[in-house]
Amino acid sequence: SFKNNFGFAYRTGLKSNIAVALIQLFIGAMAFVYIPAKVLFKKVSTDSLTGRIASYNVKNDYSFYLTDNMQYLRYLFVAAFLILGIIMGIVTFKFMTGKKTMNVYYSLGIKRTHLFTAKYLSGLTLMAAAIFLPILTDVIMNAVKLGMSSKLLLSALFYFLGIFSLSALSYSLTAMVFSAVGTVFEGVVFSGIIVSMPAIILYCVQSFIMKLVPGSPFGVVFSLSGYSGSGESIFHKIPWCTPFTYLSKGLYQ
């Protein structure tokens with residue numbers, strides 16, 4: 001009667017999910033600490049024309065430098081945080097699929113809504129910390145080498161909110177699925193299907209437009225020499241409609 005069951009459920013959620021959060025932290029550190037540190041703290045550079053080595057001043061090239069290589073790694077980056085969000089949801093709520101663990105938790109005298117909320121918040125807390133800490137370190141490095149600016153802070157805020165919302169989406173969908181299924185296998189399968197559903201629907205729409213609307217300019221690239229049928233897909237037209245692509249354009253630009 002005097003113990004905080006909500007706090008106990010929250011703390012156990014933090015302990016059981018720490019491994020997934022460490023993986024997220026590692027990926028974030030590679031993108032927002034290791035990559036920018038190589039540029040921000042570079043001492044010398046090679047002249048591309050003469051080949052001479054000279055001292056390098058990062059202030060001559062950048063007003064701030066948060067990360068790089070997102071032109072090529074952005075889709076892998078997005079996929080990693082989507083998948084890790086699902087894994088975080090599986091680790092957090094897999095206790096709901098076992099009779100023994102359910103009996104133990106329900107014997108604590110905590111309401112089911114409070115138990116779910118405590119576990120859910122523990123996962124969100126870990127994901128937010130794993131994403132926030134590398135970006136904060138990146139901002140500090142930029143402030144030391146290039147100075148503080150409003151654009152630096154707004155860009156860092158964009159990265160944090162974008163990546164966190166991406167992980168929180170797949171995590172929340174997995175939490176919802178595990179509240180309605182009976183086994184871990186069902187939870188994994190249905191979580192993947194629901195996260196992929198917007199992409200599946202758009203792919204079908206694109207196929208229908210190409211096949212059922214003869215003469216439609218959609219998907220066709222016109223040029224001076226004629227036209228070809230390898231135009232931009234619907235995912236490039238409206239990338240914000242699917243979890244797989246909605247952040248990719250922002251990461252690149």
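Where is the place of Glu186? Glu186 sits in helix α7 (residues 184-212). Here a helix is a DSSP run of H or I with at least four residues, numbered from the N terminus.

This is a predicted model: local features need pLDDT of at least 70, side-chain atom pairs count only at pLDDT 80 or more, and totals for chains, interfaces and linings use all residues. Residues are numbered from 1 along each chain as its sequence is written, and side-chain values use heavy atoms, with hydrogens and water left out.

**Around Glu186**

Glu186 touches Val177 and Val181, leaving aside residues up to four places away in sequence. Contact means heavy atoms within 4.5 Å. Thr97 is 89 residues apart from Glu186 along the chain, and their C-alpha atoms are separated by 9.9 Å.

**Aromatic pairs**

The structure holds 11 aromatic pairs. Rings of Phe, Tyr and Trp (its six-membered ring) pair if their centres lie within 6.5 Å; planes under 30 degrees apart are stacked, over 60 edge-to-face, and the rest tilted. Phe132 and Phe160 form an edge-to-face pair, 5.7 Å centre to centre with 80° between the planes. This pair links distant parts of the chain: Phe132 lies in helix α5 (residues 112-145) and Phe160 in helix α6 (residues 150-178), 28 residues apart.

Phe158 and Tyr159 also pair edge-to-face, at 6.1 Å centre to centre and 65° between the planes. Ring pairs join Phe158 and Tyr159 with Phe32, Phe77 and Phe81 in a cluster.

Buried means under 20% relative accessible area, exposed over 50%, and partly exposed in between (1.4 Å probe, protein chains only).

| Residue | Relative accessibility | Class |
|---|---|---|
| Phe132 | 40% | partly exposed |
| Phe160 | 18% | buried |
| Phe158 | 38% | partly exposed |
| Tyr159 | 12% | buried |
| Glu186 | 32% | partly exposed |

Technical notes
Helix = DSSP H or I, 4+ residues; strand = E, 2+ residues; numbered from the N terminus.
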